[in-house]
Amino acid sequence: MKTTLKNNRECLRTCIGCRQVKNKRELVRLTCTHEEIVEIDLTGKKQGRGMYLCPVESCWRRSLEKGRLEYASRVKLGDDNRQSLLFYSRGFLKK
Ligand SMILES: [Zn+2]
């Protein structure tokens, strides 16, 4: 066991796209609002249930297309919500 892992243990989160466990600083946080809208939380400080995704296009596409985001957030994603997530994600996703 590497001792460096121990120090960051509480910062580890699972990507809902690929299910890999990573330090949350490497992941993008999403939250679900009271209005049942899923939002990207680049500050990591918004209230609400948090979900995490790698900043990689395949993880976003997988989670949006396979219903994983809806399952994780327990929200039925509307088309507008889905489109806005895809739109914002293009700004920081690696191709
Ligand atoms: Zn991922």
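I shall speak about a sheet, a helix and a few individual residues. Please keep in mind that this is a predicted model.

Let us begin with the sheet. It is an open sheet of three strands in the order S4-S3-S5, and the pairing is antiparallel. Strand S4, residues 38-41, and strand S5, residues 49-53, are the edge strands, since each pairs on one side only. Neighbouring strands here are turned against each other by 35° on average, with direction ignored. As background, the strands of a sheet pair through backbone hydrogen bonds, in either a parallel or an antiparallel manner. Between strand S3, residues 28-32, and S4 there are four bridges. Within this pair, Leu30 stands opposite Ile40 of S4.

The loop between S3 and S4 contains Glu36. Its phi is positive, near 65°, although Glu36 is a residue other than glycine.

A second residue with a positive phi is Arg19, at about 70°, and Arg19 is not a glycine either. Arg19 belongs to the loop between S1 and strand S2, residues 21-23. Arg19 has 10 C-beta neighbours inside 10 Å and therefore counts as exposed.

I turn now to Leu12, which lies in strand S1, residues 12-14. Leu12 has 14 C-beta neighbours inside 10 Å, so it counts as partly exposed. Which residues does Leu12 contact, leaving aside its neighbours within four places in sequence? They are Val21, Lys22, Asn23 and Lys24. Lys24 is 12 residues away from Leu12 in sequence, yet their C-alpha atoms are 5.5 Å apart in space.

Finally, consider helix H2, residues 57-65, whose buried residues are Cys59, Trp60, Ser63 and Leu64. These residues lie on the same side of H2, because they cover an arc of only 120° around the axis. What covers the buried residues of H2? The cover includes S5, helix H3, residues 68-73, and helix H4, residues 79-89. After H2 comes Gly67, with a positive phi near 75°.

Thank you for your attention.

Conventions: Residues are numbered from 1 along each chain as its sequence is written. This is a predicted model: local features need pLDDT of at least 70, side-chain atom pairs count only at pLDDT 80 or more; totals for chains, interfaces and linings use all residues. Helices (H or I, at least four residues) and strands (E, at least two) are DSSP runs, numbered from the N terminus. A residue is buried if 20 or more other C-beta atoms lie within 10 Å of its own, exposed if 12 or fewer, and partly exposed in between; C-beta atoms are placed from the backbone. Two residues are in contact if their C-beta atoms, placed from the backbone, lie within 7 Å. Two strands pair if DSSP finds at least two bridges between them. Axes are lines fitted to C-alpha atoms, for helices over the stretch in contact, and angles run from 0 to 180 degrees between N-to-C directions. The arc is that of the directions from the helix axis to the C-beta atoms.
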